[in-house]
Amino acid sequence: MTSVTMGPAEPVIPHHFETKPQHNECNILGMWLFLAQEIMFFGGLFTAYAVYRFKYPDAWEAGSAELNRAIGTGNTIVLLVSSLTMALSVYFAQTDQFKKLVASFSLTMVFGAIFLIVKAFEYHEKYTHGLIPGAWWDPIHPPEIDDPSKMQLFFIMYFIMTGMHAFHMVIGLIIAAVMMIMMLKRKFGPNKYMPVEMFGFYWHFVDIVWVFLFPMVYLI
Amino acid sequence: MSEEHHIVPWKNYAINFCVITVLMFLTVWVADQDYGVMNLPIALIIAIMKTLCIVLFFMNVKYSSHLTWVFAGAGFFWFLIMIGFIIVDFTEFGGMYTNSLPGSQSAIGVP
């Protein structure tokens, strides 16, 4: 590497660390602990989903058939591409490529926003089809199963799980917006790329949640 | 505590993305096939493969220290403990909770 143009000129090491690699690894371990509780949070939802699916397989199949598989597949691709641009952002920060870093990180935010917009249209479609559990529950295509009311349970789980996932994406986009401002002020670079990498961990984790949600909700 | 941080070439990220995308389309294709009760396990196995690709290569765990491997694995291990015990509980004693509903013969508290 020639001359550093982004971030601090020298690695900044807090006084309680001896070396920069030691500092970096503490960041990584702390982030993985945070993600461990996130795994347990979504794990509880997935467990509840699995138990009810085992209990009411017909209602689950009928509920899943109401979802738009093409939209789900398209949104999965959008999220995967955003994961790629996020990983590339870390690479561009490490290798001191300012324009590519800003472009790649911007694309990550754009793809995240596209995902949420598509999700909003999908929720609206469920509303028009009378598939909102509770007082508005009035399916235009009632399922031909023994107890059609059980399909409500599927949509309760659907809205909680995809809603919590979308909420995590909104939080991610807010953090990304703050990071983008810092990025434009050239706060990150080869000597300070850990914030970009740690945000990437969060973003990839949200992608992993969708990797399981997509087949379990749309494809069963 | 650890060695110098590893910079992964961008081509590795691109290859990893292609592998995950292929696995994603494989998931969609498998969903259209009729493997009976095996459909869900197959879909979950492919999802686990995609997760491994993301964790190992996008999150760079492959190039991290053994301590990081332990921390990264801990969350997934705790999740397996949780879902494992709950599923065992549900399959062994699930009927007790169902039958304890009003109007049905309860298995709880009945000698």
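Helix 2 of chain A and helix 5 of chain A are oblique to each other, a class that covers angles other than those under 35 degrees (roughly parallel), over 145 (roughly antiparallel) or from 65 to 115 (roughly perpendicular). The model is predicted: local features need pLDDT of at least 70, side-chain atom pairs count only at pLDDT 80 or more, and totals for chains, interfaces and linings use all residues. Residues are numbered from 1 along each chain as its sequence is written, while chains are lettered from A and ligands numbered from 1 in the order in which they are written.

**Exercise 1.** Describe how helix 2 of chain A packs on helix 5 of chain A.

Step 1. Helix 2 spans residues 57-65 of chain A and helix 5 spans residues 151-184 of chain A; helices are DSSP runs (H or I, at least four residues) numbered from the N terminus. Their axes lie 8 Å apart at an angle of about 60 degrees. Axes are lines fitted to C-alpha atoms over the stretch in contact, and angles run from 0 to 180 degrees between N-to-C directions.

Step 2. The crossing of these two helices, helix 2 and helix 5 of chain A, is right-handed, that is, the near helix is turned clockwise from the far one by less than a right angle.

Step 3. From helix 2 of chain A, A:Ala59, A:Trp60, A:Ala62 and A:Gly63 meet residues of helix 5 of chain A, among them A:Phe154, A:Phe155 and A:Tyr158. Contact requires C-beta atoms, placed from the backbone, within 7 Å.

Step 4. By class, this contact of helix 2 with helix 5 of chain A has eight nonpolar, one polar and no charged residues. Nonpolar covers Ala, Val, Leu, Ile, Met, Phe, Trp, Tyr, Cys and Pro; charged covers Asp, Glu, Lys and Arg; the others, Gly among them, are polar.

**Exercise 2.** Characterise the crossing of helix 1 of chain A and helix 5 of chain A.

Step 1. The axes of helix 1 (residues 20-55) and helix 5 of chain A cross at roughly 160 degrees and come within 11 Å. Helix 1 of chain A is therefore roughly antiparallel to helix 5 of chain A.

Step 2. The crossing of helix 1 and helix 5 of chain A is left-handed. Helix 1 of chain A contributes A:Leu45, A:Ala48, A:Tyr49 and A:Tyr52 to the contact.

**Exercise 3.** Which elements of chain B touch chain A?

Step 1. In total, 39 residues of chain B are in contact with 34 residues of chain A.

Step 2. Helix 1 (10-31), helix 2 (39-58) and helix 3 (66-99) of chain B each give two or more residues. Helix 3 of chain B supplies the largest share, 13 residues.

Terms used. Contact = placed C-beta atoms within 7 Å.
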